[in-house]
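Please look over the sequence and the model shown here before reading the report.

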Amino acid sequence: MPTQLVKCPTCKTTITISGEPGEKINLTCPQCNQKGVFTVPKDINGRTMASSSTAIDVKGLIKTYNHFSAVNNVSFSVKKGEIFGFLGPNGAGKTTTIKSILDLTHADSGTITINGINVQTHGKEAKKYIGYMPEKVSFYDNLTALQNLSFYAEIKHASKEECIHLIEELGLGDAGKKRVGKFSKGMVQRLGMARAILGSPPILILDEPSGGLDPRGVVLIRDKILEMKKKGTTIFVSSHILSEIQEICDRVGIINKGVLVAQDTVEGLSKKLNLKPQITVTIDAMSTKVENAVKTLPGVDSVKTHGNTLEIICDGAMKAKVILAISTAGGNIQNIQSKEPSLEDVFMRYTEA
């Protein structure tokens, strides 16, 4: 079903709509409540807008710099309405891929489409769908937060009221009239997030959105990302904070040395790598009998003892049997902890030298 942007004639707020060609859709502006009817065009600039369920589609992306292959034949897709995490070590090709999606860097070969629109040939139209937060956020230092955001609001045809609302929402209310040149890095980062979501774009591309933030700021940005997802926004996010990515992302892609080495859910990647949970069991007194009872169980990969504590790697279905074996062997259990395979484990395995 084709998707496109429509601007409210009253307050200029951007509204995302989906419908079949020729379909009439009743609209209500979320900003000013203006009502209207929009007819989905049968053709846009001579092309039918592909929609299906894909927001971002990258195929065979290649980019080299002076014979150095920054991105080598990378292909992936991001579904509409999902949060897709893009991970990799420093220098792996993350930012080059992001800049190629935005056509800020011209790819040597490959195709990139945003909602079915080719970025390389119709970049201006395709990028109307995107809100972008770069890794290094910058503003006009001599202007206040509100003045900066108002400038970008004019470009995006968003309202000044939305600027004020976003400044408050992202914890910058007290600094709204303060010059950005006096902001801390974390404050600039929050303002960068406000700029990215200004105008409610249907697609967000965020490059290290939590960089330089304190724990409270990290939670604020994470909650905002989840809020945007609930509204149907597609979010492509690159971050080094793997715990945050694991908590919010539907799927992840891992790039290493310019090559996309994995793409799936965290659970799916863990299964492909045969990663297993770890059970840590503390008993009142360790004995050889208890240790051997666990080691001889089928499905147990390894057992390590540290004083009265056993660290056991085993199949997930074996957890109950492990506990029963310890108890049957005379171990009086004091404490049990279970740790499932994490995104960090997956990341380390896929990016090993």
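**Basis**

This is a predicted model, in which local features need pLDDT of at least 70, side-chain atom pairs count only at pLDDT 80 or more, and totals for chains, interfaces and linings use all residues. Residues are numbered from 1 along each chain as its sequence is written, and side-chain values use heavy atoms, with hydrogens and water left out.

**Overall**

The protein has 11 helices and 18 strands; helices (H or I, at least four residues) and strands (E, at least two) are DSSP runs, numbered from the N terminus. The C-alpha trace spans about 75 × 50 × 45 Å along its principal axes. Of the 353 residues, 49% are buried. Here buried means under 20% relative accessible area, exposed over 50%, and partly exposed in between (1.4 Å probe, protein chains only). The protein exposes about 17,400 Å², and carbon and sulfur atoms supply 50% of that area. Accessible areas come from the Shrake-Rupley method with a 1.4 Å probe, and for residues only the protein chains shown count as cover. Among contacts between residues at least 6 apart in sequence, 64% join residues at least 24 apart; a contact means heavy atoms within 4.5 Å.

**Strands**

In strand S7 (residues 83-87), 5 of the 5 residues are buried, so S7 is largely enclosed by the rest of the structure. Ile83, Gly85 and Leu87 point one way from S7, while Phe84 and Phe86 point the other way. In a regular strand the side chains alternate between the two faces of the sheet.

S7 is joined to strand S12 (residues 234-238) by 4 bridges, and the two run parallel. S7 also pairs in the parallel sense with strand S13 (residues 251-256), over 4 bridges. Two strands pair if DSSP finds at least two bridges between them.

An open sheet of 4 strands has the order S6-S5-S8-S9 and antiparallel pairing. Its edge strands, which each pair on one side only, are strand S6 (68-79) and strand S9 (117-118). S5 and S6 pair in the antiparallel sense over 8 bridges.

| Residue | Bridge partner | Strand of the partner |
|---|---|---|
| Phenylalanine 84 | Phenylalanine 236 | S12 |
| Glycine 85 | Valine 252 | S13 |
| Leucine 61 | Valine 74 | S6 |

Which residues of helix H4 (residues 160-169) are buried? They are Glu162, Cys163, Leu166 and Ile167. These residues cover an arc of only 135 degrees around the axis, which puts them on the same side of H4. The arc is that of the directions from the helix axis to the C-beta atoms. Helix H3 and helix H5 (185-197) are among the elements that cover the buried residues of H4. The face of H4 turned away from its buried side carries the exposed residues Glu161 and Glu168.

Isoleucine 164 also lies in H4 and is partly exposed, with a relative accessible area of 42%. Isoleucine 164 and glycine 176 are 12 residues apart in sequence and 8.0 Å apart in space, C-alpha to C-alpha. Just after H4, glycine 171 takes a positive phi of about 75 degrees.

In helix H9 (residues 288-295) the buried residues are Val290, Glu291 and Val294. They cover an arc of only 100 degrees around the axis, which puts them on the same side of H9. The cover over them includes strand S15 (278-283), strand S16 (300-306), strand S17 (309-314) and helix H10 (319-328). Thr288 and Lys289 are exposed residues on the face of H9 turned away from its buried side.

**Surface residues**

Phenylalanine 151 is found in helix H3 (residues 145-156) and is partly exposed, with a relative accessible area of 36%. Together with Tyr140 and Ile155, Phe151 makes a nonpolar surface patch of about 300 Å². Patches are made of residues with over 30% relative accessible area and no salt bridge, like charges being joined within 9 Å and nonpolar side chains (Val, Leu, Ile, Met, Phe, Trp, Tyr) within 5 Å. A salt bridge is a side-chain nitrogen of Lys or Arg within 4 Å of a carboxyl oxygen of Asp or Glu.

Serine 53 is found in the loop between strand S4 (35-39) and strand S5 (54-65). Serine 53 is partly exposed, with a relative accessible area of 44%. Leaving aside its neighbours within four places in sequence, serine 53 is in contact with Val78, Lys79 and Lys80. Serine 53 and isoleucine 245 are 192 residues apart in sequence and 22 Å apart in space, C-alpha to C-alpha.
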